[in-house]
Amino acid sequence: MSQVQHRILLVDDEPNLRKVLGALLKQLGFEVHAENDGAAALARVRAAPPGTFDVVITDLRMPNLDGMGLLKALQVHEPGLPVILLTAHGSIDSAVEAVKLGAFDYLEKPFDKDQIHQIVQKAITTRERSGPSIQPSPPPGEITDPCAAAGMVGRSPSMQAIREIVGTVAASPSTVLIAGESGTGKELVARALHLGSARRSQPFIKVNCAAIPGGLVESELFGHERGAFTGAVSTRAGRFELADGGTLFLDEVSEIPKEIQVKLLRAIQESEFERVGGVKTLHVNVRLIAATNRNLEELIRDGQFREDLYYRLNVVPIHLPALRERLEDLPFLVSHFVQRCNERLGKTVQGLTPAALAALERYPWPGNIRELENLMERMVLFASGPLIDEDDLPDAYAGEAGASAPSAAESSTRLAEPGDRQIRLPLSSLGQDLKEAVKAGSRLVEEALIREALAKTDGNVTRSARALGISRRSLQSKMKELGLRESPDEGGPKGPPPQPAS
């Protein structure tokens, strides 16, 4: 069991159910807090700091404030908090409707221990990684700038072109395929397309196809009937069904197994499908948006992706540029993220100095906007003054380290330079391992990796730092901490000492 217990807020007006389900959740390793109605639960969440509770599990039918009312109130007070509905067999339709309105999922009575653990853990993981998979929609009404409403930032020519495409396409029912590297903001574009459409008051449902085990993709997309397979203890609606009337966003669509792609193609073309294990054909009205960071045409040539599905998805293509291709937007993005972090962390950072901003402009940004957002959160959190200076930046981003940092593509193919004795030290090996060791606080592993890099480069600090993915200055500092001496020169160890005269 993890040392950090995730907190569950359990809400039900039946004392016996609170006792039984609460005990079961505690057995699964969760910290459980219970309330007997929605009003008391809402008051408890409002009184606690944001993020106190990881998941809310609530009964659908309760006095004072029912589960649906609690769901809507929590969406306003703490939008990222996952809500799981408890429902009896006769009220499944109400639970499905609640999921359409933003609930994370529902649990059907009687409960199955494995099912509870799976759904609750999935809700926690989803929130920690990327927020809720079903995002609450804004109230009806015209949105003059859906890109701004979705959180898109940028004034570069490439972003202006994307804004024009969104403005033209949003109101149509056409399928859109968004391509671009990881971290470029594909989900924001999908959200903008939804907000600019007449479906804005209906569900916007996101599915990360890469995060679903291959054997569960069909069930996740199309749902399943009770008893359809081992573990299917109740009937469950799929994401297509939950998105009826709204927008379905399939992120990392390239990861859908090829055997499921046929059924996906039919669902897109005919707007109909059957649940796993079911015979009834369900009809839906869904606007589909897909995204990928891989080249689908190459996957087609390799036999990993269906060509007919690709052409069905690629009705309106949108390509998002990498951050290094739109550096004129960097100051606006930095300002945006600093402001957001100030609000969330209770800080008053004004921004970056010109030297710090110039250093960031020299960095190649392999992680794109997501990497920038994470960096700004770290900088704001630890800022000791009103401005973040170049010296405050991590070594990888500051000074010459940022200018010489290899791109993601370069890191995976080359670390040796001419004259490096053709030593190959892939960053994906030593560099990634070092990052994980530092993150985990493992000093022993960190020291072992540094020693390994130095051994493989004959003690050359420059090449060792390159292999570890850190700056030379940072490596020298770590070597000093570990009591490792730097080679007298950068040419590696010298030849054997002269033999004494006989």
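Tutor: Let's start with the strand and then turn to the salt bridges.

Student: Fine, but what kind of model is it?

Tutor: It's a predicted model, where local features need pLDDT of at least 70, side-chain atom pairs count only at pLDDT 80 or more, and totals for chains, interfaces and linings use all residues. Residues are numbered from 1 along each chain as its sequence is written, and side-chain values use heavy atoms, with hydrogens and water left out.

Student: How many residues of strand β3 are buried?

Tutor: 5 of the 5, residues 55-59, so β3 is largely enclosed by the rest of the structure. Buried means under 20% relative accessible area, exposed is over 50%, and partly exposed is in between (1.4 Å probe, protein chains only). Strands here are DSSP runs of E with at least two residues, helices are runs of H or I with at least four, and both are numbered from the N terminus.

Student: Which residues sit on each side of β3?

Tutor: V55, I57 and D59 are on one side, V56 and T58 on the other, and all are buried. In general, side chains in a regular strand alternate between the two faces of the sheet.

Student: Which strand pairs with β3 over 4 bridges in the parallel sense?

Tutor: Strand β1, residues 7-11, is one; there, I8 has V55 as its bridge partner. Strand β4, residues 83-87, also runs parallel to β3 and is joined to it by 4 bridges, with V83 as the partner of V56. From β3 the chain goes through helix α3 (residues 67-77) to β4 in a right-handed β-α-β crossover. Pairing takes at least two DSSP bridges between the strands, and right-handed means that, with the strands pointing away from the viewer, the path from the first strand over the helix to the second runs clockwise.

Student: New topic: how many salt bridges?

Tutor: The structure holds 19, counting a side-chain nitrogen of Lys or Arg within 4 Å of a carboxyl oxygen of Asp or Glu.

Student: What does E220 pair with?

Tutor: R239, with the closest N and O atoms 3.1 Å apart. E220 lies in helix α9 and R239 in helix α10, so the pair ties together parts 19 residues apart in sequence. E220 is buried at 17% relative accessibility, and R239 is buried at 5%.

Student: Which residues are in a network with that pair, E220 and R239?

Tutor: K122 is linked with E220 and R239 in a network of salt bridges.
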